[in-house]
Structure formats: structure tokens, C-alpha cells
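Colleague: Before we talk about how the chains meet, could you put the model up and take me through the terms as we go?

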Amino acid sequence: MPSSNGKPEMTGGMASTGKLPSRKAAAIARGISYLALWLIMMPSARPTDLLVGAGAAIAATWLSLRTFPPATGCLHFVSMAALMPHFIWQSVRAGFDIARRVFDPRLPIQPGFVACPLGFPEGLARNTFATITSLIPGTVPCGEVDGVLTYHCLDLRNPVVQQLWAEERLMARALIAGRRHD
Amino acid sequence: MLLDLWTIVLVSMGVVFFLAGTVGLLRFPDALSRLHALTKADNLGLGLVVIGLLPRLTGIADGAKMIFVWLLVMLSGACLAQLVAHLIRQSGDFKP
């Protein structure tokens with residue numbers, strides 16, 4: 001679904017037919033979120049602390065609206081939160097994978113690059129995917145070549161691209177309106 | 001007693017993963033492979049240390065703060081790893 005500025009957008013599964021939030025709505029939602037994060041980090045009810053927190057939240061909101069305006073797309077946080085256990089589990093697997101390899105005297109790795117063509121449109125959707133897949137075992141995204149995400153893999157003997165496509169299907173169902181491969 | 005055991009086991013496991021990250025940094029042959037070791041093993045190490053320390057905390061607020069710090073480290077690690085990987089790849093300097 002193209003957005004008003006012609007860029008492809010990413011919306012949540014449930015919100016895939018909805019509109020992107022207006023700048024004002026985005027500013028309010030982000031400001032409240034940043035203030036909530038501040039309160040987690042600095043749980044204090046003193047007026048001076050709250051004042052500094054409010055200032056920090058306003059500054060963060062202003063910066064986020066400049067660097068990441070609502071028109072570039074949005075994340076569906078409920079769907080994102082539902083996928084959190086999966087991401088954390090992948091992160092655990094990745095840690096064990098590294099430990100297994102580094103403590104093995106034979107150092108069983110075969111590093112190299114793979115190109116992974118994806119259905120996600122360029123921009124926020126693909127960046128989010130790249131960021132999340134940098135947590136899964138054996139892959140680190142290292143930029144795009146001709147619009148195709150390239151990954152550095154620790155072991156080319158593993159079916160890396162199939163694994164990434166499985167992640168893409170999972171995220172496309174729950175989070176992002178991307179095209180499918182099959 | 002049981003909580004002490006929980007903390008000792010989980011924090012020790014966390015330390016093992018930090019050690020794995022460091023050993024990977026030394027043993028892996030190129031900069032990009034070392035990135036894998038640093039980001040992935042340390043994420044898990046920090047997570048285990050946080051889970052191990054949770055029963056020691058007095059309030060929910062402290063626990064939420066520690067979990068939030070862990071999530072922030074995971075997020076910043078995931079973002080920075082790909083930026084660093086991109087730069088290393090562009091420079092062509094990824095051989096041992």
C-alpha cells in the first residue's frame with residue numbers, strides 16, 4: 001500500500017488496512033512512550049526529576065519526528081510484543097551457537113556472504129527485519145547490494161537463506177504487509 | 001538459600017557466555033566473524049546475569065529497569081552490529 005509520499009509503508013497485520021497516524025498523534029504517542037521509559041529508568045516523583053524527564057521526552061520526540069517521520073511507516077507494537085518471546089529465544093540460540101563454536105578446538109566455522117532477496121519494501125520494513133535478524137544465530141546483515149540485503153554468515157553450510165525466509169514469513173504474518181516468496 | 005543458588009548458577013552461566021564472546025574475539029579469523037561473537041554471546045550473557053540478579057532486588061521498579069537495560073543493549077547491539085558490518089564490508093578489510 002503506497003503512502004502519500006510514494007514510499008512503501010509497513011503496517012501491522014491487524015492495522016494493514018488502516019491509515020498512518022497523523023504527525024500530532026504520533027508526537028503524542030511517542031512523547032508518552034518516552035516519558036514512560038524515563039520513569040522506568042528514573043522512578044522518582046520529585047518535581048525536578050519529572051521536569052527533567054519531561055524535557056528529555058520532548059527532546060526525544062522532536063528528534064524522532066525529524067529522523068523518523070510518521071509518513072515513513074509505523075510499527076504495530078502489540079504484534080511486535082507478541083513476537084518478543086520468539087526473538088529472545090533466537091537470541092538464546094545464537095549465544096549457544098557461538099559458545100559451541102568458539103569452545104570447539106576445531107573452530108567449526110565457514111564464514112562468507114549470502115544475498116537474501118526479501119519481499120519487504122525498502123525503508124523501515126526492511127531495516128526492522130535486518131535489525132531483528134541480526135539477533136538470530138549465525139547471521140549479521142551488512143548492507144544492501146542492488147536492493148538485496150546481504151548477510152555475513154558464520155557458517156555457509158547452514159541453510160541460512162531458508163532460515164531468513166522463515167523469519168520473514170513469521171514477521172509478515174504478524175507484523176508487516178510484505179510480499180511473499182511462495 | 002535456593003535464591004542464592006539461582007543467582008550463582010545464572011550469573012556463572014552469564015559469565016561463561018561473556019567468556020565465549022571474548023574467546024571468539026580472539027579465535028575468529030576476521031572482523032565480521034568477531035562481530036558475531038561479540039554481539040550474540042554477550043547479549044545472552046547479560047540476559048543471564050540480569051535474570052540471576054532479579055531475585056536480589058527489593059522492588060519491581062529495579063527489576064523493570066534491569067530488564068529494560070538488557071533490552072536496550074540488545075537493540076543497540078543489533079543496530080550497531082549491522083552498521084559496523086556495513087562499514088567493514090565497504091572498506092573491504094575483512095580478511096584476517
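Modeller: This is a predicted model, in which local features need pLDDT of at least 70 and side-chain atom pairs count only at pLDDT 80 or more, while totals for chains, interfaces and linings use all residues. Residues are numbered from 1 along each chain as its sequence is written, and chains are lettered from A and ligands numbered from 1 in the order in which they are written.

Colleague: Why are α3(A) and α1(B) called oblique to each other?

Modeller: The two helices pack at an angle of about 55°, with their axes 9 Å apart, the axes being lines fitted to C-alpha atoms over the stretch in contact and the angles running from 0 to 180 degrees between N-to-C directions. Angles under 35 degrees count as roughly parallel, over 145 as roughly antiparallel, 65 to 115 as roughly perpendicular and the rest as oblique, and α3(A) and α1(B) are therefore oblique.

Colleague: Which residues make the contact between these two helices?

Modeller: Gly95(A), Ile98(A), Ala99(A) and Val102(A) come from α3(A), and Phe17(B), Ala20(B), Val23(B), Gly24(B) and Arg27(B) from α1(B), where contact requires C-beta atoms, placed from the backbone, to lie within 7 Å.

Colleague: What makes six of these residues nonpolar, two polar and one charged?

Modeller: Ala, Val, Leu, Ile, Met, Phe, Trp, Tyr, Cys and Pro count as nonpolar, Asp, Glu, Lys and Arg as charged, and the others, Gly among them, as polar, so the residues of this helix contact divide into six nonpolar, two polar and one charged.

Colleague: How many residues does each chain bring to the whole contact?

Modeller: Chain A brings 24 residues and chain B brings 27 residues.

Methods:
Helix = DSSP H or I, 4+ residues; strand = E, 2+ residues; numbered from the N terminus.
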